[in-house]
Amino acid sequence: MFDVKGSIVALITPFHEDGSVNFEKLKELCEWHIQNATDALLILGTTGESSTMTHEEDDAVVKCVLSCVQGRVPVIVGSGSNCTQTMIEKSVKYANMGADALLVISPYYNKTNTQGMIQHFTAVADAVNKPLILYNVPGRTGCSISEEAIRILSKHPNIVGIKEASGNISYAANIARYLSDDFVMYSGNDDMIVPMLSLGASGVISVLANVVPKQTHDMVMDYLQGNTKKACAAQLYYLDLIHALFCEVNPIPVKEALNIMGKEVGGYRLPLYEMSEEHKALLKQCMQEVGL
């Protein structure tokens, strides 16, 4: 049983000026999140820019974070690929390195049909003895995990949940019918944390938590503990900031926000590029409005 409730940060990967991974800063961020009640760390996700990192860098990031965290909070590692065999190999490797769970994505670019989707995820779930969290983000992959696929995959003992980031509340409601003690759902959209919790989600895998970790944790816990009005108020309070964090392609704005906060996390790797001055001004304004 995978029982992580609350705020799981989709952690950025900090870089030096020369573009190399800043491992000391990565450890600082891990400590900061643990001190500020983040419930679990997700590394090598979209926000972590894993798509532009080498396999050796991926391995080094996993090793660094696991060594730093030392089991104080769960560490989830993104091991997805649009090649099923590659996803199996990465998943086995990170499982052996000590990851607490793995985030696995639907096959982007090449896509597939429902049966192919089922086989894609089942092949990985059969290969590792670690909890797998499915990742549905059709805005990036060009394909959605069908409701029928979710119904079938939710029964696999190693598939324990889904990060639902379609932004489609109707889809989320339909797949919520398959939630159980053995299959949970996380919001993949910061502007829909409370609506997703109302459908039975256990928390959020969050970009917002990179900049307001304690507040994101509190929003989820307030809702789960019955203080729904406070949770809803927090959702609305941070809504403009959330929108600003997605005014350009993630993680460009959230890295800019962290740098504004003095975290010195560095820049991005191409094709990501510095955000426009207009969007920087918007982001700064929204940060100031919530006291950042």
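Axes here are lines fitted to C-alpha atoms, for helices over the stretch in contact. The model shown in these views is predicted.

**View A. Helix H9 against helix H10.** Helix H9 spans residues 213–224 and helix H10 spans residues 228–237. Their axes come within 7 Å and cross at roughly 150 degrees. Angles over 145 degrees count as roughly antiparallel, so H9 is roughly antiparallel to H10. The crossing is left-handed. From H9, the contact takes in Met219, Asp222 and Tyr223. From H10, Thr228, Lys230, Ala231, Ala234 and Gln235 meet them. By class, the residues of this contact are 4 nonpolar, 2 polar and 2 charged.

**View B. Helix H2 against helix H3.** Helix H2 covers residues 55–69, and helix H3 covers residues 84–97. The two pack at an angle of about 25 degrees, with axes 10 Å apart. Angles under 35 degrees count as roughly parallel, and H2 and H3 are therefore roughly parallel to each other. H2 and H3 cross in a right-handed sense. Asp58, Asp59, Val62, Lys63 and Leu66 represent H2 in the contact. Lys93, Tyr94 and Met97 represent H3. The residues of this contact divide into 4 nonpolar and 4 charged, with no polar ones.

**View C. The aromatic pair Tyr237 and Tyr238.** The count of aromatic pairs comes to 1. The ring centres of Tyr237 and Tyr238 lie 4.9 Å apart, and the ring planes stand at 85 degrees. Plane angles over 60 degrees count as edge-to-face, so this pair is edge-to-face. Tyr237 is partly exposed, at a relative accessible area of 45%. Tyr238 is buried, at 8%.

Notes:
Residues are numbered from 1 along each chain as its sequence is written. This is a predicted model: local features need pLDDT of at least 70, side-chain atom pairs count only at pLDDT 80 or more; totals for chains, interfaces and linings use all residues. Side-chain values use heavy atoms; hydrogens and water are left out. Axes are lines fitted to C-alpha atoms, for helices over the stretch in contact, and angles run from 0 to 180 degrees between N-to-C directions. Helices (H or I, at least four residues) and strands (E, at least two) are DSSP runs, numbered from the N terminus. Angles under 35 degrees count as roughly parallel, over 145 as roughly antiparallel, 65 to 115 as roughly perpendicular and the rest as oblique. A crossing is left-handed if the near helix is turned anticlockwise from the far one by less than a right angle, and right-handed if clockwise. Contact means heavy atoms within 4.5 Å. Ala, Val, Leu, Ile, Met, Phe, Trp, Tyr, Cys and Pro count as nonpolar, Asp, Glu, Lys and Arg as charged, and the others, Gly among them, as polar. Rings of Phe, Tyr and Trp (its six-membered ring) pair if their centres lie within 6.5 Å; planes under 30 degrees apart count as stacked, over 60 as edge-to-face and the rest as tilted. Buried means under 20% relative accessible area, exposed over 50%, partly exposed in between (1.4 Å probe, protein chains only).
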